[in-house]
Amino acid sequence: MPSPPHPFRIGLGHDTHRLGPGDGLLLGGVRIPHDRSAIGHSDADVLLHAITDAILGAAALGDIGEMFPDTLEANRGRNSGEMLQAAAARLAAAGWALGNLDCVIFAQRPKILPHRERIRASIAGLLGIDVEAVGLKAKTGEGVGPIGEENAISAECVALVVRRA
Ligand SMILES: [Zn+2]
């Protein structure tokens with residue numbers, strides 16, 4: 001006999017973008033002045049992409065690349081906040097409510113801490129959840145590898161979702 005459906009699920013999201021010369025990064029919907037920028041088909045917000053994949057993954061709804069293929073011209077420069085909200089709407093339609101997120105940004109520079117509260121508030125606002133439900137940490141690449149040598153930026157996120165009554 002199948003066991004009753006579990007009231008909680010978790011999802012994991014990971015994303016990486018190449019970095020090149022530029023004037024800033026978009027992280028969690030917040031523009032951060034910097035001497036490099038992330039390169040991507042959409043607006044290259046690596047953190048929102050990781051969160052979007054975590055949310056979709058929690059409900060086994062596929063991933064951001066399936067929802068918004070980078071082969072479609074309509075997705076060029078696409079606003080990642082809109083993509084996140086579309087994923088959240090699919091999560092809700094599948095019968096799940098978002099519980100909390102815990103996110104990590106991997107970047108050698110710039111320092112994320114001075115921007116952390118603005119980024120948390122931005123993510124909470126996009127998803128309509130309490131800022132207390134959005135954890136955000138940052139790690140450097142310790143000066144080695146693509147992160148440490150500032151050729152790439154990555155982000156990871158886990159999301160807990162709760163079955164809606
Ligand atoms: Zn991405």
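## Helices, strands and a zinc site

The crossing of α1 and α4 is right-handed. This comes from a predicted model, so let us look at the pieces one at a time, beginning with these helices.

Two packed helices are described by the angle between their axes and the distance between the axes. For helix α1 and helix α4, the angle is about 45 degrees and the axes lie 12 Å apart. That angle makes α1 oblique to α4.

| Element | Residues |
|---|---|
| Helix α1 | 46-58 |
| Strand β5 | 96-106 |
| Helix α4 | 116-127 |
| Strand β6 | 134-139 |

Now for the strands. In which sense do β5 and β6 pair, parallel or antiparallel? They pair in the parallel sense, over six bridges. To get from β5 to β6, the chain passes through helix α4, giving a right-handed β-α-β crossover.

Next comes the metal. Which residues coordinate the zinc ion? They are D15, through OD, H17, through NE2, and H49, through ND1, at 2.0 Å. Along the sequence, these donor residues follow the spacing D-x1-H-x31-H.

Are D15 and H17 buried or exposed? A residue counts as buried when its relative accessible area is under 20%. D15 has 17%, so D15 is buried. H17 is at 10% and therefore counts as buried too.

Conventions:
Residues numbered from 1 in each chain as written. Predicted model: local features only at pLDDT ≥ 70, side-chain atom pairs only at ≥ 80, totals over all residues. Heavy atoms only, no water. Donors = N, O, S within 2.8 Å, 3.2 Å for Na, K, Ca; no water. Buried < 20%, exposed > 50% of the residue type's maximum accessible area, 1.4 Å probe, protein only. Pairing = 2+ DSSP bridges. Helix = DSSP H or I, 4+ residues; strand = E, 2+ residues; numbered from the N terminus. Right-handed = clockwise from strand over helix to strand, strands pointing away. Axes fitted to C-alpha atoms, helices over the stretch in contact; angles between N-to-C directions. Parallel < 35°, antiparallel > 145°, perpendicular 65-115°, else oblique. Left-handed = near helix turned anticlockwise from the far one by under 90°.
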